[in-house]
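Work through the exercises below with the sequence and the 3D structure at hand. Each task is followed by a solution in steps.

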Amino acid sequence: MASVALTTSVNLGFRSFATSNHRISSKQSPPLNLNRSNSQHHLRSSSSYTSNLTPRLPLLGLKSPKRNLNFSVQASAAVVPAKQDPAPAPVPWQGAAMKPLLASIATGVILWFVPVPTGVSKNAWQLLSIFLATIVGIITQPLPLGAVALMGLGACVLTKTLTFAAAFSAFGDPIPWLIALAFFFARGFIKTGLGNRIAYQFVSLFGSSSLGLGYSLVFSEALLAPAIPSVSARAGGIFLPLVKSLCVACGSNVGDGTEHKLGSWLMLTCFQTSVISSSMFLTAMAANPLSANLTFNTIKQTIGWTDWATAAIVPGMVSLIVVPLILYLIYPPSVKSSPDAPKLAKERLEKMGPMTKNEIIMAGTLLLTVGLWIFGGMLNVDAVTAAILGLSVLLITGVVTWKECLGESVAWDTLTWFAALIAMAGYLNKYGLISWFSQTVVKFVGGLGLQWQASFGILVLLYFYSHYFFASGAAHIGAMFTAFLSVATALGTPPLFAAMVLAFLSNLMGGLTHYGIGSAPVFYGANYVPLAKWWGYGFLISVVNIIIWLGVGGVWWKFIGLW
């Protein structure tokens, strides 16, 4: 017996309906005939046949005239059973990764029920437990970072540890918004082709090796550092768009397995060196003047722009040279040399032709924004206001659309989790936990009876690595700088020497995490480096920086009479 598949399609003028797999069998196998008359149809085929019968049916649901359609099909062969459709694949779990989620919750619950130390308020201890649970969640990522941070804020409000206004207070802080605006600038930078144009220029000059390309970016950023007092603005508004364009131009993209070709190393290098350049000049980071002000209030000595630069220039230059090289060795790009790259870049530039209208608008807007970042102090225009002005120009001219801004999910995710951490860390300070920690450390170190060099070394390490609990350099300086400087001075450390070392470290410690300084969420948000590697290499480079700044720097500071 044979199996015959008959498909009948009925045309309704604007759509068709089909019924399929009508299986008819017969013991004989003469030719199959289909002769259509008023009421009967005969089919001709040896095994299967597809017929389109198009009775004229009204378009809007009216019934068609009744017709008797009869088919007779004969064939001789065995019947083949119909194939069963495969079972639908199970829908994958779209929710949280349960093990990391349980680890995060367990951290908070355990700490919540630990007896509150003497001198710490109940609210402060509960907030610490939620903060650490959130940090564990951010590290293990049971959900996207923004979702984890939002759950942390929700826990604060639910437990009455923070009011709603307090929990969401940092969404009015300018730094998270400046970071988000940087991603919008990057969109225009790449969309217009200006990023590619500048990237090809860099490649044509320095692109014969990945290391040379990296150093060209590192020292370009260091040259701009004293003129732009916001590391978030430098990193996000200028260098993130450029670095992303370079990565794309060199075939290193996120999500397709080519991250390690160039992007992973370049992103991490530019981030780690941004904290070094911020430490080299009084005007290279917004919180540096705060360190100088607290120094004067505590020890009555002034740190001027020249004093700062003179003390930092030697260890800073050594770090700018050594750190990219170390990362190149331990976290290398897969493509290390490309002798043909400069020639290819020049060819690409020739194909691009002259700058387009949108490129010119983007370049002019960038110059306007950077100019306001440099001279904004004299004009009373802060960094985030300058960025908003620049974005407004891009939106009005259509270089970037608001729909594209809304589509920058990384920008909004970063804004959410960074603002959440700033709020929680800020209230840890307001609730007195940070001052309690500082006083405890001071009593402990002071009671050891060590020489000032050893005591100061312990203070430096505690000051530096306590930055894991801070999402802002300014918050850390405001909370701990005065206490640690006072103790260091009391233990015999030369006052100005102690103040400047703590001031330099207040920048370098930002390299520990993906939230510790304004440039961190900018470069991490590009998604070229996994979080575990970001933290791991952050800790390793922190050790390198401490050795360079206290070792090479210590010799230099002795030479210039700082101690």
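**Exercise 1.** State which helix holds Ser104, whether Ser104 is buried or exposed, and which residues Ser104 is in contact with.

Solution. Step 1: Ser104 is part of helix H1, residues 98–112; helices are DSSP runs (H or I, at least four residues), numbered from the N terminus. Step 2: the relative accessible area of Ser104 is 9%, so Ser104 is buried (buried means under 20%, exposed over 50%, partly exposed in between, with a 1.4 Å probe and protein chains only). Step 3: with neighbours within four places in sequence left aside, Ser104 is in contact (heavy atoms within 4.5 Å) with Ala133, Thr134, Val136 and Gly137.

The model is predicted: local features need pLDDT of at least 70 and side-chain atom pairs count only at pLDDT 80 or more, while totals for chains, interfaces and linings use all residues. Residues are numbered from 1 along each chain as its sequence is written, and side-chain values use heavy atoms, with hydrogens and water left out.

**Exercise 2.** Describe the surroundings of Phe131.

Solution. Step 1: Phe131 lies in helix H2, residues 122–140. Step 2: Phe131 counts as buried because its relative accessibility is 1%. Step 3: 23 residues away along the chain is Gly108, and the two C-alpha atoms are separated by 7.9 Å. Step 4: not counting residues up to four places away in sequence, Phe131 touches Leu421, Met424, Ala425, Leu428, Tyr468 and Phe469.

**Exercise 3.** Find which residues touch the most other members of the largest nonpolar core, then list what Leu217 touches.

Solution. Step 1: a nonpolar core is a set of buried Ala, Val, Leu, Ile, Met, Phe, Trp, Tyr and Cys residues joined through side-chain atoms within 4.5 Å. Step 2: the largest such core has 158 residues, and those touching the most other members are Leu217, Leu246, Leu266, Trp373, Leu421, Phe523 and Trp549. Step 3: H16 gives the largest share of this core, 13 residues.

**Exercise 4.** Determine which residues line the largest cavity and how they divide by class.

Solution. Step 1: on a 1 Å grid over the protein atoms alone, a cavity is a set of points where a 1.4 Å probe fits but cannot get out, and lining residues have an atom within 4 Å of a point. Step 2: the structure holds 1 cavity of 30 Å³ or more, and about 50 Å³ of space lies in the largest cavity; a volume is the space filled by probe spheres set on the points, which are joined across faces, edges and corners. Step 3: the lining consists of Leu217, Val218, Glu221, Ala235, Phe239, Cys270, Thr273, Ser274 and Phe523. Step 4: at least two lining residues each come from helix H7 (210–224), H8 and helix H9 (263–280). Step 5: the classes are 6 nonpolar, 2 polar and 1 charged (Ala, Val, Leu, Ile, Met, Phe, Trp, Tyr, Cys and Pro count as nonpolar, Asp, Glu, Lys and Arg as charged, the others, Gly among them, as polar).

Definitions and conventions: 1 Å grid on protein atoms, 1.4 Å probe; cavity = no way out; pocket = protein on both sides within 12 Å on 5 of 7 lines; lining within 4 Å.
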